[in-house]
Amino acid sequence: MKLYPLFADLSRRAVLVVGGGPVAERKVAALLGAQAQVTVNAPTLTPQLRRWVADGRVAHRHESFRESWLDRVWLVVAATSDVELNRLIATFAELRRIFVNVVDDAALSSFHVPAVVDRSPLTIAISSGGEAPMLARLVRERLEGLLDHSLGALATLAAGLRKRIRARHPDMAARRRFYENLFTGPVAGLLRQGRPEAARQAMEATLLALPEAPTGSVVLVGAGPGDPGLLTLRALRALNEADVILHDRLVSAEVLELARRDAERIEVGKQAGRHHTSQEAIHDLLLRHARAGRRVVRLKGGDPFVFGRGGEELEFLRAHAIPCEVVPGITAAVACAAYAGVPLTHRHHAQSVRLVTAHGQSPDQSPDWALLAQERQTLAVYMGVAELGALQAGLLAHGRAPTTPFALIENGSRPEQRVVTGTLANLVERATFHAVRSPALLIVGEVAALAPSLAWFGQPPLGATVHALRTQERAPAAPDVLAALHRAG
């Protein structure tokens, strides 16, 4: 976040605006709306500025700018067409630690004037940090159409009863539910109909009603592979309704940023070979918070029902009569392959795809290598970084061609995504050379050869080393692999 957002109380506080043209007029209008004490410094003024001066709403200094005019000033706006004068004003303001806005010069500004959606007392400010003001205005226009004008009256009504609401609902979770019902229920509807007195009576009745005992619940939510843009709308809604969020280690910080600020966050992550929180402890946390009346989100990377043990957690919750639901997420195989430009199926190369994990329920479980080694299918291997040697040996021993392409996708869909490509014969060598770390998804199959030509996100795939290329040249290539490589360029 480049700028720290805040709302300044300028009521009865001195603000200096240097400039008397149309831009300065717009700035003054907004400052007068905030009840600031505005002084305008300019030799000439627009007609509207002159009227405000004549009415005593604005003070006017017509002589040249002086540094002493910054005495006791809280904010300065430089809105002149003189670049050097604007720079001088910004310099003096900086020395005095006074926030300054230089119109159309983000570099000289220590604060920026946002585009505003006004539903007083509810105010929404949109800023691009001075980089793209037209984009901020476009966002404001869209929000204007989305937010009903009755929101201001609703906020005022709620503010008038705030102390009574807090006394009636001292518990934070109960108070939050009251406000949610207030803002989305009959009271809001009556205000939209232009019936403020009926809305006030309905709110009084709601406030006097006996509070219902809170009912806890759990939502198993798929967070996707990391890109917050891949969250579903239902997942986003669940995150904003949650009292408690139990999240995996690999859930990205960007996804967690979308959750409600005051929700309690508990990391219950697991990692290959290290279990920070046992599954039994996770079950206990889900049960304990739900029985306390809280709305719990169990946030899992990818999809909760694809190697996420979501099925076990749902079984546990149902056995204990906890209300629950599942919000699917985009699983790693689908998302990482797409972001690497690798189609999981392709009519020329793969008619099926298998999602497999390198970690079974117990050490004595062995994969069906003969089935996994079949050609013309795609293998998407989860949690396989620590088992690449065993995967390579097993597939080769059961007939998978050494020239079978692979794509190893580290941090798929995230800005730091890396894709390492090669053939099954040099899988371990390539992964070791590029120090691939978890989280990473392995794709094995003819379709992986398309990664170099279809890559569209992040850096280009890391191709074979010279040694690996020479090894590949000596190895006989299967016709399907050659065809895929030819089409990939």
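## Salt bridges in and between elements

Arg200 is partly exposed, at 34% relative accessible area, where partly exposed lies between buried (under 20% relative accessible area) and exposed (over 50%), using a 1.4 Å probe and protein chains only. Before going on, note that this is a predicted model, in which local features need pLDDT of at least 70 and side-chain atom pairs count only at pLDDT 80 or more, while totals for chains, interfaces and linings use all residues. Residues are numbered from 1 along each chain as its sequence is written, and side-chain values use heavy atoms, with hydrogens and water left out.

Arg200 pairs with Glu197 in a salt bridge, with their closest N and O atoms 2.6 Å apart; such a bridge is a side-chain nitrogen of Lys or Arg within 4 Å of a carboxyl oxygen of Asp or Glu. Side chains of opposite charge can pair when their charged atoms come close. Because Arg200 and Glu197 are three residues apart in helix H9 (residues 196–208), about one helical turn separates them. Helices (H or I, at least four residues) and strands (E, at least two) are DSSP runs, numbered from the N terminus. Glu197 is partly exposed too, at 41% relative accessibility.

## Bridges across the chain

The structure has 22 salt bridges. In one of them, Glu325 meets Arg234 at 3.0 Å, N to O. This pair links distant parts of the chain, with Glu325 in strand S14 (residues 324–327) and Arg234 in helix H10 (residues 233–241), 91 residues apart. Glu325 is partly exposed at 34% relative accessibility, and Arg234 is partly exposed at 24%.

Arg260 and Asp243 also form a salt bridge, their closest N and O atoms being 3.6 Å apart. Arg260 is buried at 12% relative accessibility, and Asp243 is buried at 8%. Both belong to a network of salt bridges that links Arg176, Arg177, Asp243, Arg260, Asp262 and Arg295.

## The largest pocket

Now look for open space. The largest pocket holds about 2,100 Å³. On a 1 Å grid over the protein atoms alone, a pocket is an open set of points with protein on both sides within 12 Å along at least five of seven lines, a cavity is a set where a 1.4 Å probe fits but cannot get out, and lining residues have an atom within 4 Å of a point. Points are joined across faces, edges and corners, and a volume is the space filled by probe spheres set on them.

The pocket has 48 lining residues, with Phe111, His112, Val113, Pro114 and Val116 nearest its centre. By class, the lining has 29 nonpolar, 10 polar and nine charged residues.

## A cavity

Which residues line the largest cavity? They are Val356, Leu372, Leu379, Val381, Leu391, Leu395 and Leu442. Strand S16 (378–382) and helix H16 (388–397) each give two or more residues to this lining. The largest cavity has a volume of about 30 Å³.

## Ala90 in its helix

Ala90 sits in helix H3 (residues 83–95) and is buried, at 7% relative accessible area. Beyond its neighbours within four places in sequence, Ala90 is in contact (heavy atoms within 4.5 Å) with Val100, Val102 and Leu108.

How values were computed. Ala, Val, Leu, Ile, Met, Phe, Trp, Tyr, Cys and Pro count as nonpolar, Asp, Glu, Lys and Arg as charged, and the others, Gly among them, as polar.
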